[in-house]
Amino acid sequence: MFLEPLLIAELATLGLCTGFLAGLLGIGGGMIMVPFVSIILTNRSVAPELTIKMAIATSMATIVFTSISSVRAHHKRGAVRWDLVKKLAPGIVLGGMLASMGVFSLLKGSSLAIFFALFVGFSATQMFLDKKPPPSREVPGTVGLLGAGSVIGFFSGLVGAGGGFISVPFMTWVNVSIHNAVATSAALGFPIALANTTGYILSGLSLGNLPPYSMGYIWLPGLLVIASCSVLTAPLGAKAAHKLPVKRLKRIFASILYLLAAYMLFKGLTTS
């Protein structure tokens, strides 16, 4: 199981779609990739307990590349709040390493899938309802952002996402505009992905039942094709993000997350 034509087509299509959505929604693409990569691995006879974990880890690894492409497009438009990136990133690295090197390897794949579904469903509801924060609410100070970054990094590590499903709602909650929040979330995807990918590799090195061409929990064929394609369409998504009205952007974000949450809940409940 390396790169037969059908597999290339499946992964390339997934990469092109998730790259666009990463740029559009600032979610790094991981929230979209995890369900589909788990299906691809299941269809290729990977052990059920490993499919979810490898899908999460591989999806996160692609964000290392997708985030660079996406954030460059957002940065050119002056939309990235680099002041927030600098203060959130240290906590993100700490939280991500704790999740990927510790908790992730201890939890069952089915438990991770159920957690993925419930947490994403909650985040989607918050975004879909479009609750307006009080006008007086402000971005917290350095300590508060360090704590928020730790939470973002930790939960991202458990579900294999770039953190946009937490960071975008968090930033809009403290009155950062949705377009700035999406762009800043794209920039945060890189430290999130780098910290968690390192942890997934180290925590999975001792496993003996991984499929061929794996590095820890990372499935290299998936990483290679998805990352190569996603970097092509991420700038297109970023460009589209600045043309859509705020309310529609939030509804798109939430609707996609609801679909993914439903699938992963089913996956978690039916995986032994």
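## Helix packing

Axes are lines fitted to C-alpha atoms, for helices over the stretch in contact, and angles between N-to-C directions run from 0 to 180 degrees. In this predicted model, helix α3 (residues 48-76) packs against helix α8 (residues 178-204) at an angle of about 150°, and their axes lie 7 Å apart. The crossing of α3 past α8 is left-handed.

On the α3 side, the contact includes I56, M60, V64 and H74, which meet residues of α8, among them V182, F190, L194 and Y200. The residues of this contact comprise 17 nonpolar, six polar and no charged.

## Salt bridges

The count of salt bridges comes to three. In one of them, E4 pairs with R44, with the closest N and O atoms 3.4 Å apart. E4 lies in the segment before α1 (5-25) and R44 in the loop between α2 (30-42) and α3, so the pair ties together parts 40 residues apart in sequence. R44 also meets E10 in a salt bridge (3.2 Å, N to O); E10 belongs to helix α1, 34 residues from R44.

R81 and D83 form a salt bridge as well, their closest N and O atoms being 2.9 Å apart. Through shared partners, E4, E10 and R44 are joined into one network. Within it, R44 is buried because its relative accessibility is 18%, under the 20% cut-off, whereas E4 is partly exposed at 30% and E10 partly exposed at 27%.

## Model confidence

The protein chain has an average pLDDT of 81, and 90% of the residues score at least 70. Among its elements, strand β2 (residues 218-219) has the highest mean pLDDT (93) and helix α10 (residues 246-270) the lowest (77).

Conventions
Residues are numbered from 1 along each chain as its sequence is written. This is a predicted model: local features need pLDDT of at least 70, side-chain atom pairs count only at pLDDT 80 or more; totals for chains, interfaces and linings use all residues. Side-chain values use heavy atoms; hydrogens and water are left out. pLDDT is the predictor's confidence in each residue, from 0 to 100. Helices (H or I, at least four residues) and strands (E, at least two) are DSSP runs, numbered from the N terminus. A crossing is left-handed if the near helix is turned anticlockwise from the far one by less than a right angle, and right-handed if clockwise. Contact means heavy atoms within 4.5 Å. Ala, Val, Leu, Ile, Met, Phe, Trp, Tyr, Cys and Pro count as nonpolar, Asp, Glu, Lys and Arg as charged, and the others, Gly among them, as polar. A salt bridge is a side-chain nitrogen of Lys or Arg within 4 Å of a carboxyl oxygen of Asp or Glu. Buried means under 20% relative accessible area, exposed over 50%, partly exposed in between (1.4 Å probe, protein chains only).
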